[in-house]
Every structure is written in C-alpha cells, then in structure tokens.
Amino acid sequence: MKLREALQVIRNSDLREGKPFKVYLAAGFEPLHLRTFLAAHLAGPVGDRPAEVECGLFGDLAGNIERIASSGAHAAAVVIEWSDLDPRLGLRRLGGWGQDSHTDLVASVRSRLATITSAIIEVGSSLPLAVSMPSLPFVPVFPSRHEYASVTELEIMHLKAEAAVRLARLGGVKLLSETYLSLLREPGKRGDITSELATGFPYSLEHASIVAAALADLIIPPPPRKGLITDLDDTVWRGLIGEDGLAAVSWDIENRSHIHALYQQTLNAIAEAGGLIAVATRNDPELVAEGLARHDLVLAAKSVFPVKAHWGPKSQSVREILDAWNIGAGDVIFVDDNPLELAEVAAAFPEIECRLFEARSPESAYNLLRHLRHAFGKSVVTAEDSLRGASIRAAQSFRSSPDVSSPEDLLASLEAELTVSESFDPDDPRPLELINKTNQFNLNGKRLTTDELKSLAGTPGKIFLEVSYADRFGPLGRISVLLATLDGQIARVSTWVMSCRAFSRRIEYAILDHLFATTGVSVVELDFQATARNTPIREFLSSLSDANGEAPLRIEKSTFERSRPPTYFGRGA
Amino acid sequence: MIGRSLEDRLTDCVAIVFPELSRDEIPRAGGASLANWDSLAMVTLVSLVEEEFDVHFSIDEYQLAASYALLLDHLKSTNRDV
C-alpha cells in the first residue's frame, strides 16, 4: 500500500459512524508512517466503524507497553527495535562502538529484553497483542568483518529468539514471523537512515507498510479458506491417468515429479487442520477411484470428499461440490494445471480463487504450496477442525440415507445426542470462531472481539450456551453458541449462531427449548437483524414469531410449544 | 504520470495532507499561513513527494517542505517534470 492510498483510506474511514476500534501502538521510535499504515490496514477488517491507532511517548517502549492496560484499546501492537535494547544498537543516541563498549552489550540487551518481555506478559493476558521483534539489520557496532558472525552478535540474536519463543507461548500474544518478513523485504532495504536521523522514524515506507499489514492481520486475522478443489492429472500427479495408465502417473524424485508429492502432502496438512478437499477431474470415474486407491499415494483418500469424475464441465463439478460442502464460493480455492479449465470455473464462479498448478515449473508450483498454506493457515487448530471433513461425509450420508421411509423416521432413527454447556472458558477459541465465521444461521451478523465476548459471556447474569452434537453418522463437535441476558421473565438473546453442517436436525428448536426450560422465562427476545446471508435463521424465527422481521423478535413460550415440531435428542455428557 | 503536470501532482500531494484547502489555495500555502502546517505535516509531505516523484530528500532538504512554492522549485530544479 502506498502512503497516499493509506492516507485516503484513513480519511474515508474517519467518516464512519460507530464506536472506533482502538489499537494501541507501542514503539520506542517515532511511529509516524507505521501508525498511518496500521490504521489504513485495519480499516478493512474492522468493518463499518472507524479504526483508531493511539501511540505513546517517544523513547519509552517499556512505559508505552505499560500504558496499554489503561488505554481502553481493543488490541495492541508492540514494535521493538534494536535501539530499544541498547543505545549502541541504534543511530540517534551515542553509546560508543569501540572495543570497550562491547563488554556489557549482551548483558544490557538481556536486561532490557527481560523488562520489555515482562511488560508484554503483564498486558498480554487482557487483550489481543501482536509483537514485532527487531527487524532492522544491525548497525556497524561489531568490530569484525560483516560476513563473520561474532559471538556477541550470535548471543544477541539468541536472546532475541529466546524472548520471542517465551512470548509466542502466551495465548493472547502473536509474533510477527521473521521468515515472512524476509520473503517480502530483505533486511538491507527495511531502514531509512535519512528518515531516522531527521525524524526518528527508522523504516522505509515499503517496510512500514509490510510490517503494518502483518500486524493488522495478527490483530484481526483474515478468515482462512474453507475448501480446496483440485484437479488430478498433472496436478495431484504427473501424467494423464486415462492416457498413460494407472501405473505410469507419478509423484516421485526418480521421475522428476516430486513436486506433486509435495502438493499432496500440502493437501493432507490442510485437511488435518480442518480444510475441505475435493477432486474435480474430467476422467473415467472408475480409473480415478483406482488412482486414488493406489497404495503409495501420499494424499490421504479419506481426506477427499467428494470426488467428481465425469466428462462434463469443471464448473458443474464445482457446483456439486459447493452444494455438498454447503459453503460459499468465496471460501474456496480451485487448483488446476489447465488455464482453460480455470477460466471456465472463474466465469461460472467469480468469487472462487483460481490458481494455476505449473507442473513444469517447480518454483512456481512451490510458491503455490506456500500460498495455499498461507490461505488456509490458522494459529489454533481445534478439535472441530479435525472433525470437519468427516462431518461433511456424515451430512451427505444423512441426506441420502436409504434406511428409512420418511424424513421424520430418519430424524427419529439418528440416535442423536445434544450436549448443552453453560460453562464459558475465556481461553477457548471455538465460541469466537463460531460467532465470527458463521453467516447463514447468524442472528444479526455482529462480530465480537475477545473482550466483547468475555463481557457478554463471562459475567454474572449473562447466559452462555455452547451446543455439541453427535448422531449415528458421527460427531459434529461444537456447532452452536447463544448469548443472552436475563431480564425478569424475558431472556434477551444478543448472539446466536449455528454451523450450517448442523442444519436439518431441528437442533435450533432444542436450543430454544433448553433456554425456556433452564431459565423459566415466558418470553425470548432476539436481537434479529437481516443480513445478505442469514435467510435460514430468518425463516426459522418467522415460523415462531408474529413480528414483521424487525428487532427485537419476541417468541412467547406458549407459541413455541404450540408450533415446535417433535425432536429426538438424547442428552450427552 | 504521463499527461499530468508537475504542479498538479504536487497539488495532489498537498491536498492529501491538507484536505481543508481548495486547489486554488494550495499554491500559496505553507507553514507561514497555516497553523497545522507543522513538522509532522512536513514529514508526511516529504514522504508523499518522494513516493509520487521517485525522489529522495536529503536531511537538509526536509525544510523545503515548508511551503508548496519551495517544494515546486526543488522539484523543477531536479528536473522532475514529465
């Protein structure tokens, strides 16, 4: 992002109404354009409200970190540079670069890092916090030639790494990856000496924008993609299985096709972290089944569902896969080696990200693997993530079950168990993940920060319900969260979400029943607001309420008990 | 940018930092006439001009951001017109 664009984004963001999303930027240097870029990169993710970045005092990094707690910020970013650890490692203050000055340099860095780290630990438990460790190259403080890694230099780097590991182990603190920064900007091009000496701001504009964008992503992580649809020939394996034969397709070093094995390994990793993997191939289905059953295939066949193999257009396969997954096209990446197929799918589904697998260019294919890990990346993998692929298969089995004669008989035969927990764990990421990523069964589309969830769920007088589901087709894990406040005979529901994988089982009726039964209220009032995607919950609520779709929707207990269909749930643990 | 004068491009830069000024007011604007044309605004202006014209200001040249006129003279002297 250019500085000009950043300033324009901020100007437009300042016109928004609503309570600003406030971030405290703690740095020891003059934050200048880093502050500008951070506000600009936050403007998109914070939605309809303004983004505000507050900074502390020049030259007082530890003090600025301490000020975070009383700042009222929703999140914070801490940017450390070498000059914060010892003046000899910076340019604006003199501390001496001679031999004598090195005797205590390591000890000085150790002491300052301990102070800064302790300050971060103190505040890191109370709000989301992103940290950037020193990213500039060393000033010429070491006496040796530059290619020589002196013991002093190595000890300082070791201290930096130790501090970073200590911080990264904290739940609420996220560290900016040096590997990531190195791929975007080599160390020698990150600083601006003129700017540092003239203004106290040490970064080049490009580096400031990169750091700010990364910090914004750490503070408000972009949602990971949910599904990957892949071609097979010259993508999952080298060769055309229909032309070359089952035994001739390859993915190994000897056949110079190992990049395909790396791709399969990447797909496995994505699936293990909860990503959905499907195949769309123009091939004979029986041959494809044999290929996917090959004993030496790296890709775990159990991770792939569904497999669409036919001679029709790829867009037809994509449509069927999206239906089976019940997710939006914008949450999916399609990978194919054929630009024509990519264009065909892109024309039918403009929201899908289409990526070319260039098998003849390992460098390009490898960059694709890096991009896929980034697009599907998540900092925490929950138990529900490992269940996701299996639950999609289970949902398909549920919908196409031939075992029973009617939908009602099917529901009755499920051996379904519902577990409702009222215990809120502030360190558990699953409730916030459900609230901030669910669209279709979402009461009002409102997204919450960690702090907002804690205040809505973790205080006396508040109701927190977290619902888990399992049936004979398998477990779905935790699939719904409801937040409410008791007000006499009324339960006022501010948040209610349910995973789309749990549809068609009447779980929503069971949740309302639980709410009425455990609170004893006679009315449930819901802060419903229509969004572009929450038709499923709108239709459900309309069947129980006489309101005209305007908040608050009221459901009388008598109306609910009269209107509700039968449910067939056993109670889990 | 082909087709746009140096004056127009410099005016755009100043307008981003001082959106309250009309384009007619900008050529006469500077620290002497505007209270908020302060050191922070000058630094931001220097960075915008560096970005727009692909130039680099020396530490002594930062003071040229004290007014539109000084900046324009500097850019003309470094032959940044297109």
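Modeller: The largest cavity in this predicted model holds about 60 Å³ of space, and the count of cavities of 30 Å³ or more comes to one. Its lining comprises seven nonpolar, one polar and two charged residues. Among the lining residues are A:Leu411, A:Leu414, A:Tyr469, A:Arg505, A:Arg506, A:Thr567 and A:Phe569.

As to charged pairs, the count of salt bridges over all chains comes to 33. In one of them, the side chains of A:Glu353 and A:Arg225 meet at 2.7 Å, N to O. A:Glu353 belongs to strand β10 of chain A and A:Arg225 to the loop between α9 and β6, so this pair ties together parts that are 128 residues apart in sequence. A:Glu353 is buried at 14% relative accessibility, whereas A:Arg225 is partly exposed at 24%.

Strand β10 is also an edge strand, as is β8, of an open sheet of five strands with parallel pairing, ordered β8-β7-β6-β9-β10 in chain A. The twist of this sheet averages 20° from one strand to the next. Within it, β6 and β9 pair over four bridges, and A:Gly227 stands opposite A:Val332 in β9.

A second salt bridge joins A:Arg492 and A:Glu525 at 2.4 Å, N to O. A:Arg492 lies in strand β15 and A:Glu525 in strand β16 of chain A, so the pair ties together parts 33 residues apart in sequence. Here A:Glu525 is buried, at 10% relative accessibility, and A:Arg492 is partly exposed, at 30%.

Key: Residues are numbered from 1 along each chain as its sequence is written. Chains are lettered from A and ligands numbered from 1 in the order in which they are written. This is a predicted model: local features need pLDDT of at least 70, side-chain atom pairs count only at pLDDT 80 or more; totals for chains, interfaces and linings use all residues. Side-chain values use heavy atoms; hydrogens and water are left out. Two strands pair if DSSP finds at least two bridges between them. Helices (H or I, at least four residues) and strands (E, at least two) are DSSP runs, numbered from the N terminus. Axes are lines fitted to C-alpha atoms, for helices over the stretch in contact, and angles run from 0 to 180 degrees between N-to-C directions. On a 1 Å grid over the protein atoms alone, a cavity is a set of points where a 1.4 Å probe fits but cannot get out, and a pocket is an open set with protein on both sides within 12 Å along at least five of seven lines; lining residues have an atom within 4 Å of a point. Grid points are joined across faces, edges and corners, and a volume is the space filled by probe spheres set on the points. Ala, Val, Leu, Ile, Met, Phe, Trp, Tyr, Cys and Pro count as nonpolar, Asp, Glu, Lys and Arg as charged, and the others, Gly among them, as polar. A salt bridge is a side-chain nitrogen of Lys or Arg within 4 Å of a carboxyl oxygen of Asp or Glu. Buried means under 20% relative accessible area, exposed over 50%, partly exposed in between (1.4 Å probe, protein chains only).
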